[in-house]
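Hi there,

Here is the structure I promised to pass on to you. Have a look at it first, and my notes follow below.

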Amino acid sequence: MDFPKDFFWGGATAANQVEGAWNEDGKGDSVCDHMTGGAVDKHRYFTNKIQSDAYYPSHEGIDFYHRYKEDIALFAEMGFRMFRISINWTRIFPNGDDENPNQKGLDFYKSVFEECRKYDIEPLVTISHYELPYNLMEKYDGWTNRKCIDFYIRYCNTLFTEYKNLVKYWLTFNEINCLTMSVGDILSGGFKCEDGPAQVMGLPDTKEQLRKRYQALHHQFIASAKAVKLGHEINSEFRIGCMIAGGCVYPYNCNPDDVLLAQKDMRMNYFCGDVQVRGEYPYFTKRMFDEFGISIAIEEGDIEILKNGKVDFYSLSYYMSTCRTVDEKALKTTGNVIMGVKNPYLKASDWGWQIDPKGLRYLLNELYGRYQIPIMVVENGLGAIDKVEVDGSIHDSYRIDYLRGHIKQMKEAINDGVDLIGFTPWGCIDLVSISTGEMKKRYGFIYVDKDNAGNGTLNRSRKDSFYWYKKVIASNGQNLT
Ligand code: BG6
């Protein structure tokens, strides 16, 4: 079997990592606009006040805000059928709790979607991708506060109504399961915090912190379920999905303790999907909360809301896999959200992320077996250092190898019977890294001339992978050479 003929080949970005224009045309500042580049201790710093002597990569991004026509034309040249983009909440509601939307923000995305439609590119829109209005953090302690549900639904209502004839595919929250980990405290949860290094401050796993995370996550589940219901009422054609950071976890060896540890971690993959796809908390929740020593507030009616807001499809990011073992001496490895033990059978990227295409096939089968609804891989790719040759060409064969390996395994998964409907590799155009704030960690088919310090012309150029991916799309995944 081949890729289905209407398979969505495309690419993915997020507003905070590409748009720039952080305070133009009425936009407010989001939590991400308070994250510096990764200059200090390799960590991005979070600052409550925007400091004039610090560098904040999202403020300029790659200037997609002013160059989107050129960028979308390049995506069209590659033959994209889908473009995953997120909306900057603060472009629409600058403070998050405003009564009325910002017209200029609405006009911008309308124009972006129209540009996509011009080339028959289907937009896939993430409603919230690490772009929480800073005001909601400062005033409400982010998603710990139930009021965020209403603010989010007002925002969704505006988007769904405004773009009901331009957008069909939506994702409610990017990598919603990040909120179960400390890395999600700032970017996903928007919890109030002191200035400090963003990757490590992800506040310690105290009982209170765990309670806050799961309470905030419950609020996002309710918000997502309400959004699904509302979206279907506004346009019954809408297809609204969840988005989970896909961690594939293996036992390090056949020691039953390792197997149980790996299973426990895989269940964390399923925790959010179960709520969003099946409309209820999974069977292992009670024991998990008991072991954490926490309980969360679930209001009357919440259980019904979850049941009535099941998603139409499942989507995931997938970059790497890890192992689990009870052996404390085993070598550790880490990605941006995923941590575990090194797998001796796998190679790793320049940033140490373990490359495992077969893990994708394994995970897709596990997910489809569990949920039986269409799946999209909406992020995947290799963050690598690219060299620009004297003639301007960029020979990124390592990126091609990475993607080829994963596409082959997606094909295997389709042959296994998985209903896979789309693939939008991450950072189809070079963009700011979320974990390190760097530019030199590049994922794109399109090179953007900008360095870690923010210098460069911002000019776009085609890498070897650009021409390769174009052939892949034109042959519907047949020609991977
Ligand atoms: C995903 C995020 O976790 O990984 C993206 O959804 C992010 O926003 C991507 O950019 C790659 O991670 P990084 O840290 O290399 O930018």
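Let me begin with G190: leaving out residues up to four places away in sequence, G190 touches L132, M137, D141, G142 and D185 (contact means heavy atoms within 4.5 Å). G190 belongs to the loop between α7 (184-187) and β6 (196-197); helices (H or I, at least four residues) and strands (E, at least two) are DSSP runs, numbered from the N terminus. With a relative accessible area of 0%, G190 is buried (buried is under 20% relative accessible area, exposed over 50%, partly exposed in between, with a 1.4 Å probe and protein chains only).

Before I go on, a word on the source: this is a predicted model, where local features need pLDDT of at least 70 and side-chain atom pairs count only at pLDDT 80 or more, while totals for chains, interfaces and linings use all residues. Residues are numbered from 1 along each chain as its sequence is written, and side-chain values use heavy atoms, with hydrogens and water left out.

Next, N269, which is part of helix α10 (residues 256-278). N269 counts as buried because its relative accessibility is 6%. Apart from neighbours within four places in sequence, N269 is in contact with I244, A245, G246, G247, C248, Y314 and L363.

Now to the aromatic rings. Rings of Phe, Tyr and Trp (its six-membered ring) pair if their centres lie within 6.5 Å; planes under 30 degrees apart count as stacked, over 60 as edge-to-face and the rest as tilted. By this rule there are 41 aromatic pairs. F108 and Y109 make an edge-to-face pair, because their ring centres are 4.8 Å apart and their planes are at 70°. F108 is buried at 6% relative accessible area, and Y109 is buried at 0%. Y140 and F151 also form an edge-to-face pair, 5.1 Å centre to centre with 65° between the planes. Y140 lies in helix α5 (residues 134-140) and F151 in helix α6 (residues 147-162), so this pair ties together parts that are 11 residues apart in sequence. Y140 is buried at 13%, and F151 is buried at 9%.

Finally, which charged end sits over the ring of Y270? That is R370, 4.1 Å from the ring centre. Likewise, the charged end of K212 sits over the ring of F191, 5.1 Å from its centre. The rule here is NZ of Lys or CZ of Arg within 6 Å of the ring centre and within 35 degrees of the ring normal.

Best wishes
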